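Here is a brief report on one model. Please look at the structure first, then read on.

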Amino acid sequence: MSGLIATGSMAGAGTAAADDGVQHQGGAVATLDGLKTFDRAVLRTKGRTHEIPAGVFEMTVDGGGRLKTYCIDIHNPTQDQAKYLETPWNQTSLGGNKDAGKIRWILQHSYPQVDDLAALAKEAGSGPLSERTAAAGTQVAIWRYSDDADVDALDPAAEKLADWLEKEAKDVAEPKASLSLEGNAVSGKAGGRLGPVTVRTDGGQVTVTPPADAAASGVRITDVAGKPLTAVVNGAQLYFDVPAGAANGSATLTAQATTSVPVGRAFAGVTKSQTQILAGSSESTVSASATATWAKAGAIPALSAKKDCAKGGVDIIASNKGDAAFTFELMGFKHTIPAGASRTVTIPVAEDQAYDFTITGPDGFKKTFKGVLDCKTKGTAGSDTPSSQPSPASAGGTAAGLEGDLAETGSSSATPMIVGIAVALVVIGGGAVFFLRKKKPTATDE
């Protein structure tokens, strides 16, 4: 196999990113429609007091469906019509939050999951609640755990609801993804079944769509015994059945289902936009994809990526199902994946920093990884002023009634790269260029 070349760039946090190549472990993809049911709250930060809206956002799901969400990122702005992806907790600020489970309890025990507002008011001892005040009280309680915010609801009943929810909250486990594929990048030799790719869903039947060029390439999606599969359920294992005579190449399958997304799933923006947590879902379209790469001989790599908030970067997971070692250099470090082995390479990325890496190779092999690292709250973009409403006039939100530097929270100025990247990358015309080459392994390769 000839050498690979990977190119990458770091863009400002406000730069829009294309959908393709964005890391997504599966589930719902949705567009933010805005803050729909809300009342007022008061936030105190750094000796200043801000009156802000607090309540429920709504999103439209790609392919059909509606979501209701609350904010878990009070100091960062929303973007008008921002695209959001269902995301595991550990790829958001919830991963490092010991109270994340209490936020899910609040969601399960308040509006809109509890739509009998008279019963909710009675249990909380709050006095009469409307949808607006119930939403505000719920959001305030969530902010106290998601952002450690000093915030109160303006309406007395909403404030009593917030206090009750905060006091009563218990730790509840993270919900599973609505749909995901484990082993979403596989590889191997032509003439065999590549996999398994395991289906995980809390829904019912999952439709499996074979690769777009399946008829021409002869690649089929089957079970381990070679039986073609078009519809499966949770736990099913899928394989790419690649004909022995297939030319070196790759293919992608898509899994899709209609289900209600579990309450408590996080939703992160494709571009920099306030992180959300799910409060309610209609029956919605959810999807996931998996890719297979094959060759007749030599190194046969498979690449996938995910955000790693614990390490402050993006993990590129490289595996090799070929019969020769796969060696490359990345950011000045050499990495060798022996035949049958895998390695994870973490690329440091600054908080709020957009990234775009493309790895290409022979026979049309290409893999792009895009996204923005958004792992923290508390004004990491440079402002401690809250922002709760999307505004088409700016990259961030400007909530009515706020003064001071709120409009500045939408600034698209790039967060400086951390020292590790600044030292390791050779910057050419604004892009970082990585050279990855196939070479003979040596005793010192790692």
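## The disulfide

Are Cys309 and Cys375 buried or exposed? Both Cys309 and Cys375 are buried, where buried means under 20% relative accessible area, exposed over 50%, and partly exposed in between (1.4 Å probe, protein chains only).

This is a predicted model: local features need pLDDT of at least 70, side-chain atom pairs count only at pLDDT 80 or more, and totals for chains, interfaces and linings use all residues. Residues are numbered from 1 along each chain as its sequence is written, and side-chain values use heavy atoms, with hydrogens and water left out.

Searching the whole structure gives 1 disulfide, a term for a pair of cysteine sulfur atoms within 2.5 Å. The bond links Cys309 with Cys375, S to S 2.0 Å. Its S-S torsion is about -75°, so the disulfide is left-handed. Cys309 sits in the loop between strand 18 (301-308) and strand 19 (313-320), and Cys375 in the loop between strand 24 (366-372) and helix 6 (419-424), so the pair ties together parts 66 residues apart in sequence. Helices (H or I, at least four residues) and strands (E, at least two) are DSSP runs, numbered from the N terminus.

An open sheet of 3 strands runs in the order 18-19-22, with antiparallel pairing. Two strands pair if DSSP finds at least two bridges between them. Strand 18 and strand 22 (342-348) are at the edges with a single partner strand each, so one side of each has no neighbour in the sheet. On average, neighbouring strands here are turned by 20° against each other, direction ignored; axes are lines fitted to C-alpha atoms, and angles run from 0 to 180 degrees between N-to-C directions.

Strands 18 and 19 pair over 8 bridges, in the antiparallel sense. Ser304 has Ile317 in strand 19 as its bridge partner.

## Around Trp164

Trp164 belongs to helix 4 (residues 156-168). Its relative accessibility is 15%, so Trp164 counts as buried. Leaving aside residues up to four places away in sequence, Trp164 touches Trp105, His109, Leu120, Glu123 and Ala124; contact means heavy atoms within 4.5 Å. Gly125 is 39 residues from Trp164 in sequence, with 8.1 Å between their C-alpha atoms.

## Confidence

The chain has a mean pLDDT of 81, and 77% of its residues reach 70 or more. pLDDT is the predictor's confidence in each residue, from 0 to 100. Residues 1-19 have pLDDT below 50. Residues 379-446 stay under 50. Where pLDDT is low, the predicted coordinates should not be read in detail.
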